[in-house]
Amino acid sequence: MGNFFEWLNNPDTVTIDYRTWERFQINLSLIVVGAVAATVMAILVCYAIHARRLKILAPGDIFRRYTPLRWLFLAIAGGIMAAILCAVQLSAIVSGLSTLAAISIEAFFLTSMVAALAAYALLVIVGPLTPARFRYRPAWYLHSGRPETRQS
Amino acid sequence: MDTLICAGGSGARVLESVLHLCAVGLGPPRLRTFVIDSDGTNGSLDRTTNLVGAYVACQKIFGKGPFFRTELDLLEGSQKLRVWSPVVGKQHFRDVLNYDGLSPQQREIVELLFTDDELKMPMDVGFRGHPALGAAALSLLPLFRNDPKDPLWNQVATDLQQDVTNGEAHVVIAGSVFGGTGASAIYPLVRFLRSPDLLAHNSEKLKIGAIALAPYFQFSAADAQARGAQVDPGQAARSEEFPLASRSAAEFYDYLLKHNDWGLNAMYWVGDDDPVDVAYSWGGSAQNNPAHFVELLSAVACLDFFRAPSIRGTFYYSGPRQFAAMPGKNMLTWADLPLSGLDRKEVRNAIHCFHLAGMAHLGFFSRLFPDSRLTDRPYLVPWYRDYFANRPGGLNSDAAKEAIKPLTDYFSNRYFPWWGQIQDDDGRVRLLNRTAWAEGGTGEGYVQLSQIGAVLFEDGTSPPKQDMDSFFDWTVKVAKNSPANAEPASRYVSILASAAARFVGARHGDRAEE
């Protein structure tokens, strides 16, 4: 696993040596990648189950809000998880609370954003995740205009 | 081409059932049909005439799809059901026979065969259950062969000649054997169709079947009189005499068969020995009995004959059976349909598909399309967005709305009410499970979308819950295979039909025969 956090500057080059900081960067990479992967998986599974449970029983159900997309907010939980793990790792090498908080928040946003975007991209691209009847719901903005002429 | 000649009120109701089965998609590619009825005002005939109009309207729009495939030939390019009668206007029976123009010897023969009351009987509401009168009137059929005032029989002869030149021609004559017009029409018609001067050549290619309806309803003039209804005790048909009339007819046709004077290729006897009570009437618009499963059986027999004309010279019998589940009552299941050429499963699945499509249309899509939210967000229904939204002539256009109207009318005012009558309230008809309908009706507004799949199961059973959701899912999955060059309304029906077929296939259609 590579180091995705090379860009993250060592906050205190006096007390934190180069090797310790690099190990932290590698650990943080693992945490974020693991959190993103787990979160994406969880989002997709929850989304697919929820979408399949969403029934169309009456004409009015067609116009119901498409709630399975709300599972994308699960990315926040992934971000929090990553932030906590990051803080635990960082607390051993950093004493300043502000530094610890700043880096953890960065991990949180990074994990949340990447997980949400990756999950959304996958559920738009991977057709079978969405039941056929809701085919155009995840990316409605692509399908709200005049459809192209199709020949069957 | 296949020809169906319906005689009398029961015959008209058989035509009603035949048309519904044609709508289902079980009919032949083309069907020539007309009715023989001296009571042109009878209510059953009126109902069937209206149904023909509704069918033709749907056939023109949806006829290229799986439903309404059968093209009707109503003769002489007519768009309306032709009704022929040997009686002109309000003639009395003696006028029909041209009694005054007969020689004294001929009059004596007529007086030998008919009573004075019968000779003076007005024919304005048919033969009033007197098959002897009808048979005499219809034996004059050859005289109408070249009638300049009404070229119907001339055209029938010309068309049949053309049919037998091109291959086999199948004619089915349907009517009751216990009433007036039907009972009197079958044999004179067969004799006329077999007469050497009707078909100049290839007459052996003319296959004739008859549907003889045995008593399946009864009425009481005395009860009607007690309720204050107008009763014609002297001349009108009496249901007490139906069994005797049927027995006489059976003996007559048996005699003809044994003496090689039958003329038929098959004769289907259809009836129910547990007749339903109907309101008394001696004819006219009041004679409007509800549809009955015996007429459905007759229609199935008719289409079966068209499909399997290889049936030769035999009587066939069809009716409901007794089951332990309902002692003393007859019950009708899919196994009781008189089928030999048609596949039972095919018939059942086709009816299931049409039913499902109709229920989904009435209960769901016809309510969905007018919703402006769908116009604003067509992607909510993928196939609607792909093939219909924002297109000239799309489903939300006035033209498409007009095109779909006859379909809605057909389902809500013709087909489902007819099934509602067939599936009478006493639970004897077990073909389709009723839980798919809300209490109180079978038309628009009564569809139970949460139980739409129940229709695939026999009545009297507890069907598993099969809701609209999976049907809607199928519409999305099959839409890409719908005919791209079809008119929007037709394409929509095609999507409904394909979804119904997949729904039936997935849920029930492949199940082993009960």
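The model is predicted. Chain B consists of domain 1 (2–87 + 123–342) and domain 2 (346–509), and 27 of the residues of chain B are in contact with 20 residues of chain A.

**Domains of chain B**

- Domain 1 of chain B is assigned residues 2–87 + 123–342, and domain 2 of chain B residues 346–509.
- In the contact between these domains, 34 residues come from domain 1 of chain B and 29 residues from domain 2 of chain B.
- On the domain 1 side, at least two residues each are supplied by α1 (8–24), α2 (43–62), α11 (293–307) and β12 (330–331) of chain B.
- The greatest share of that side is from α2(B), which provides six residues.
- By residue class, the side of domain 1 of chain B that touches domain 2 of chain B comprises 25 nonpolar, six polar and three charged residues.

**Contact between chains A and B**

- The contact joins 27 residues of chain B to 20 residues of chain A.
- Three helices of chain B, α12 (344–368), α14 (382–387) and α16 (468–478), each supply at least two residues of the side that touches chain A.
- Of the elements on this side, α16(B) gives the most, with six residues.
- The side of chain B that touches chain A is made up of 12 nonpolar, four polar and 11 charged residues.

**Helix α1 of chain A**

- Helix α1 (residues 18–53) of chain A has 36 residues, and its first and last C-alpha atoms are 52 Å apart, close to the 52 Å expected at 1.5 Å a residue.
- Among the buried residues of α1(A) are A:Phe24, A:Leu28, A:Ile31, A:Ala35, A:Thr39, A:Ile43 and A:Tyr47.
- An α-helix has 3.6 residues a turn, so residues three or four places apart point the same way.
- The cover over the buried residues of α1(A) includes α2 (74–91) and α3 (97–125) of chain A.

**Nonpolar cores**

- The largest nonpolar core has 164 residues, and those with the most contacts inside it are B:Ala23, B:Ile173, B:Ile211, B:Ala212, B:Cys302 and B:Leu356.
- With 12 residues, α12(B) gives the most to this core.
- Because domain 1 (2–87 + 123–342) and domain 2 (346–509) of chain B both give residues to this core, it lies between them.
- Apart from neighbours within four places in sequence, B:Ala23 is in contact with B:Tyr55, B:Cys58, B:Phe67, B:Phe68, B:Phe354, B:Tyr410 and B:Tyr415.
- A second, separate core has 32 residues, including A:Ile31, A:Val94, A:Ala116 and A:Ala119.

How values were computed. Residues are numbered from 1 along each chain as its sequence is written. Chains are lettered from A and ligands numbered from 1 in the order in which they are written. This is a predicted model: local features need pLDDT of at least 70, side-chain atom pairs count only at pLDDT 80 or more; totals for chains, interfaces and linings use all residues. Domain bounds come from an automatic or database domain assignment. Two residues are in contact if their C-beta atoms, placed from the backbone, lie within 7 Å. Helices (H or I, at least four residues) and strands (E, at least two) are DSSP runs, numbered from the N terminus. Ala, Val, Leu, Ile, Met, Phe, Trp, Tyr, Cys and Pro count as nonpolar, Asp, Glu, Lys and Arg as charged, and the others, Gly among them, as polar. The expected span of a helix is 1.5 Å times one less than its number of residues. A residue is buried if 20 or more other C-beta atoms lie within 10 Å of its own, exposed if 12 or fewer, and partly exposed in between; C-beta atoms are placed from the backbone. A nonpolar core is a set of buried Ala, Val, Leu, Ile, Met, Phe, Trp, Tyr and Cys residues joined through C-beta atoms within 7 Å.
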